[in-house]
Amino acid sequence: MRTLIYWFRNDLRLADNPAFTQACLNADHLLPVYVHDSKEQETVYGFERQGPHRQAFLRESLDDLRSQLRAQGSDLLEFSGKSAQVLLRLLKDTSAQAIYCEQIEAPEEIEQVRILQQQGADVKEYWQSSMLDPQSLPFELEKMPDVFTAFRQEVEKAQLKFAQPINVPKKIPSLPAALPPGSTLPSRTQAVSHPYLLGGASHARAHLKQYLERRLPDSYKETRNQLIGMDYSSKFSAWLALGCITARDIAAQLNEYENCHGANDGTYWLWFELLWRDYFRFIHFKYGQKLYRASGLTGVPVKPSYAPSFEQWRTGNTGTELVDAGMRELHQSGYLSNRMRQIVASYWIYDMKGDWRAGAAWFESQLIDYDVYSNQGNWLYIAGRGTDPRGGRPFNVAKQTQDHDPKEIYRKLWLSS
Ligand code: FAD
């Protein structure tokens, strides 16, 4: 009898989950687990790494996943601690032969797997979080073009759009007869993850369905830089970050939408943004740990942030109204439009001369859609320490205010609350 452990990481879904499907095919008994890793605790900056909005979105997503597993006669066991230690103990307690999981190409997650393997665990990892299959790219990832436009052009020349998503596995193997001790169900956090968004694969699917039914892709290109409301951008990001839905699934449904209603600038631009998401993932295969140095890909040292100014920035008390409104929106809702993310990040780096790593850490704590690749990639990009051919993106706040909030509606909304 072959017992396997399935370790859910940022892939909290059953549909289009090749790693999970493979585990189902290869196991007689399967133990689905999630580990709340202790790395999520406090940062060097003194705040928690996973703030209340993100905790709540994760909680909702795990509950949704558990319901789906239970509906198929399985379950989800949750544990807390250091991932590698917890999993090694589980291997022993259940006499499982291997751990199946998705591959995450970021330093801390690579280290978790390295420790497991070093201790003799058989870990089967599957790369599955991108829209495109890396194997289908017309270049090796180690040699991928540094500049996004060159990357996109090569992808388009090869006529790559998305890898075909796969269905929910037909059958989920039963749980092992004796379940391991120590499984915990953390109490439900009171916070709601977001005023409008609920975590979990079912909510992700429902959201995508209404987004397409309401023909919102058609206007996406014109509205995507707005600051207020649900519909100016897709709001797919939080579900994508935890893997409640895949970019392949979204792209495939967008493709069907184009077949039905016709392609336009809006549908293309949504795909284009999902390609940015892939780009920041693939860049990790090329540069790895170098993306996590203070100097990023440049040799230029960073001056550590000056603490009082960091407090002003992160609490929305810089005195620059647009920036303060953005930082308050982020803290209160766990979300910020792409435009405002660019503005507040640029302000911290260029106007306040802050350390980009502190800014990235605050985003990690606050964003419900925190994604290691996209957060690191975008912060490096704006700081001019990544692959931006222009060497950084300073934004002029006065101009941005004039362009995006001329009637002071956004500032009033968040500064008065
Ligand atoms: P839409 O505009 O509807 O775009 C559709 C999808 O495309 C998004 O859900 C996202 O998956 C992808 N996408 C769009 N823009 C980008 C981009 N610049 N980089 C990578 N993917 C993109 N996004 C995250 O998902 N997690 C993060 O932690 C994150 N941190 C960021 C930090 C900074 C400093 C900046 C400037 C951007 C960051 N982004 C991050 C990218 C982007 O702001 C969000 O993906 C987007 O605002 C989410 O809203 P949406 O789903 O409505 O996006």
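The questions below turn to the domains, the ligand site and several individual residues of this predicted model.

Me: Into which domains is the protein chain divided, and how many residues does domain 3 give to its contact with domain 1?
Reply: The protein chain is divided into domain 1 (3-128), domain 2 (201-287) and domain 3 (293-415). The contact between domain 1 and domain 3 takes 15 residues from domain 1, and from domain 3 it takes 18 residues.

Me: How far apart do the C-alpha centres of domain 1 and domain 3 lie?
Reply: Domain 1 covers 3-128 and domain 3 covers 293-415. The distance between the C-alpha centres of domain 1 and domain 3 is 31 Å.

Me: Between which domains does the ligand lie?
Reply: The ligand is surrounded by 25 residues, and the closest include Tyr220 and Asn338. Residues of the shell come from two domains, so the ligand lies between domain 2 (201-287) and domain 3 (293-415).

Me: Which helix gives the most residues to the shell around the ligand?
Reply: At least two residues of the shell come from each of α8 (237-242), α10 (265-287), α13 (338-351) and α15 (372-383). With five residues, the helix that gives the most is α15.

Me: What is the distance from an oxygen atom of the ligand to an N or O atom in the side chain of Tyr220, and what share of the ligand's accessible area does the protein cover?
Reply: An N or O atom in the side chain of Tyr220 is 2.5 Å from an oxygen atom of the ligand. On its own the ligand has 820 Å² of accessible area, and the share that the protein covers is 97%.

Me: Which residue has a polar backbone atom 2.8 Å from a nitrogen atom of the ligand?
Reply: For a side chain, an N or O atom of Arg341 is 3.5 Å from an oxygen atom of the ligand. For the backbone, the polar atom 2.8 Å from a ligand nitrogen atom belongs to Asp369.

Me: Is Asp16 buried or exposed?
Reply: Asp16 is found in the loop between β1 (3-8) and α1 (18-26). Its phi is near 45°, a positive value in a residue other than glycine. Most residues other than glycine have a negative phi. The relative accessible area of Asp16 is 1%, under the 20% limit, so Asp16 is buried.

Me: Is Ser95 buried or exposed?
Reply: Ser95 is not a glycine, although its phi is positive at about 55°. The loop between α3 (83-94) and β4 (98-102) holds Ser95. Its relative accessible area is 56%, over the 50% limit, so Ser95 is exposed.

Me: With which residue does Arg281 join in a side-chain polar contact of 2.9 Å?
Reply: Arg281 is found in helix α10, and it is buried, with a relative accessible area of 2%. Leaving aside neighbours within four places in sequence, Arg281 is in contact with residues including Trp127, Asp371 and Tyr373. The side chain that joins Arg281 at 2.9 Å is that of Ser129.

Me: What separation do the C-alpha atoms of Pro134 and Ala163 have?
Reply: Pro134 is in the loop between β5 (123-126) and α5 (148-157). Pro134 is buried at 17% relative accessible area, and beyond its neighbours within four places in sequence it is in contact with Trp127, Leu141 and Phe282. Pro134 and Ala163 are 29 residues apart along the chain, and their C-alpha atoms are separated by 9.5 Å.

Me: What is the relative accessible area of Gln376?
Reply: Gln376 has its place in helix α15. Not counting residues up to four places away in sequence, Gln376 touches Leu291, Tyr292 and Trp356. Gln376 is buried, with a relative accessible area of 12%.

Me: Which residue makes a side-chain polar contact of 3.4 Å with Glu48?
Reply: Glu48 is found in the loop between β2 (29-37) and α2 (52-71) and is partly exposed, at 40% relative accessible area. Beyond residues up to four places away in sequence, Glu48 touches Glu42, Gln55 and Ser365. The side-chain partner of Glu48 at 3.4 Å is Gln55.

How values were computed:
Residues numbered from 1 in each chain as written. Predicted model: local features only at pLDDT ≥ 70, side-chain atom pairs only at ≥ 80, totals over all residues. Heavy atoms only, no water. Near = heavy atom within 4 Å. Polar contact = N/O pair within 3.5 Å; in protein donor to acceptor, adjacent residues only side chain to side chain. Areas by Shrake-Rupley, 256 points an atom, 1.4 Å probe, with all protein chains shown as cover. Helix = DSSP H or I, 4+ residues; strand = E, 2+ residues; numbered from the N terminus. Domains from an automatic or database assignment. Buried < 20%, exposed > 50% of the residue type's maximum accessible area, 1.4 Å probe, protein only. Contact = heavy atoms within 4.5 Å.
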